[in-house]
Amino acid sequence: MPPLPPLLGAGRALTHRSGDTAPDDSGAFDDALDDAELRTARAALVQGRRQAARSLLLHTGDDWDRRGHRLTVLAQEPYAVAWSRDWLHAEPGSADAAVLHALARVQRALRGKEDPDRAREACATAAAHTPADPSPWLGLLLLARAFGPEREVLGTFAELRRRHPEHHHAHHLLLARLAERPSGGRVAEDHEVYDLAELAAAEAPADSPLAVLPVVAYAERYRVLAASGLAPADPAASGHWSGPRARRILRACFDWWLEWEHDEHPRRHVDLNHLAFALSCAGRPAEAAALFQRIGRHATPAPWSYAHRDPWTAFQTARARALGH
């Protein structure tokens, strides 16, 4: 079994309030979440105008989590490969164009419309354009997660983390893959994905949303157990969040949120949804209600889709139960 990659880290602080609490009954998920500038740039790109995306990426700079989030969302657009190719022809030296082109090819590969090896080549080209940028490595990690052996996942994560030790999306992808390792006959709450998540949370700065990784690890492990028939399809009836370790983790992560809520992180709604899901499944509706108020319209498919449930229905049901609707 390959060793887990080393985790680096250091110190934690930040806060703000969203106020965006109006629920969205459309049943649609938007990966842009609450990034209004990203939505504007994406809409312009849909109309064939790339200047807004060019400006957005330019001004994102080396805010690596935000850059990865924005590039990933833009790359999901059906014509992103063509747009980014045109941009590259117009500006052959543009690292932004190269990375967007690479991630667009990654998204096509994930949809089964592109050879993964071609997407890997595009990521390698983008990485050569911008050696310090973890975003091309995020593309490679997405490919490794979907198509590669575990050693590829671990090696790619190590390269990405060397460029940005607290990369949010990368840690989520790693936990999702490691949650699929067999338990080796250990007791339910003794799995190495929990150990890794707690270590990463402990080593991260105090204000880092990586503090929520242990809750993410529990959701990913539930996904694996439910898919293999080792846990009920109803997560609230599974008992998965009732053990002493799960209760300790939930308390620590909720307390972290109360103290350090990081309202400026581009993927914070991913964490809020994981925490609301866990608290709902653990039968703690009062705490879940506070999180649903923060989530507002920004639901995410994972983890509500786990155990093959309809994610929008699962989210709305849990939200209504917690808020007493």
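Reply: Here is a tour of the pockets and the cavity.

First, a word on what you are looking at: this is a predicted model, in which local features need pLDDT of at least 70, side-chain atom pairs count only at pLDDT 80 or more, and totals for chains, interfaces and linings use all residues. Residues are numbered from 1 along each chain as its sequence is written, and side-chain values use heavy atoms, with hydrogens and water left out.

Rolling a probe the size of a water molecule over the atoms shows where empty space is left. On a 1 Å grid over the protein atoms alone, a pocket is an open set of points with protein on both sides within 12 Å along at least five of seven lines, while a cavity is a set where a 1.4 Å probe fits but cannot get out; lining residues have an atom within 4 Å of a point. Points are joined across faces, edges and corners, and a volume is the space filled by probe spheres set on them.

Let us start with the largest pocket, whose volume is about 690 Å³. Its lining has 23 residues, and those nearest the centre are H169, L173, R267, V270 and A302. Two or more lining residues come from each of helix 3 (64-75), helix 7 (135-147), helix 9 (168-178), helix 11 (213-227), helix 13 and helix 15 (301-304); helices here are DSSP runs (H or I, at least four residues), numbered from the N terminus. Helix 9 gives the most, with four residues. By class, this lining has ten nonpolar, eight polar and five charged residues, where Ala, Val, Leu, Ile, Met, Phe, Trp, Tyr, Cys and Pro count as nonpolar, Asp, Glu, Lys and Arg as charged, and the others, Gly among them, as polar.

Next comes the second largest pocket, with about 210 Å³ of space. Of the 13 residues that line this pocket, D65, E166, P209, H262 and H265 lie nearest its centre. Its lining divides into three nonpolar, four polar and six charged residues.

Finally, turn to the largest cavity, which holds about 90 Å³. Helix 12 (244-260) and helix 13 (268-281) each supply at least two of the lining residues, and the largest share, four residues, comes from helix 13. Six residues of this lining are nonpolar, one is polar and three are charged.
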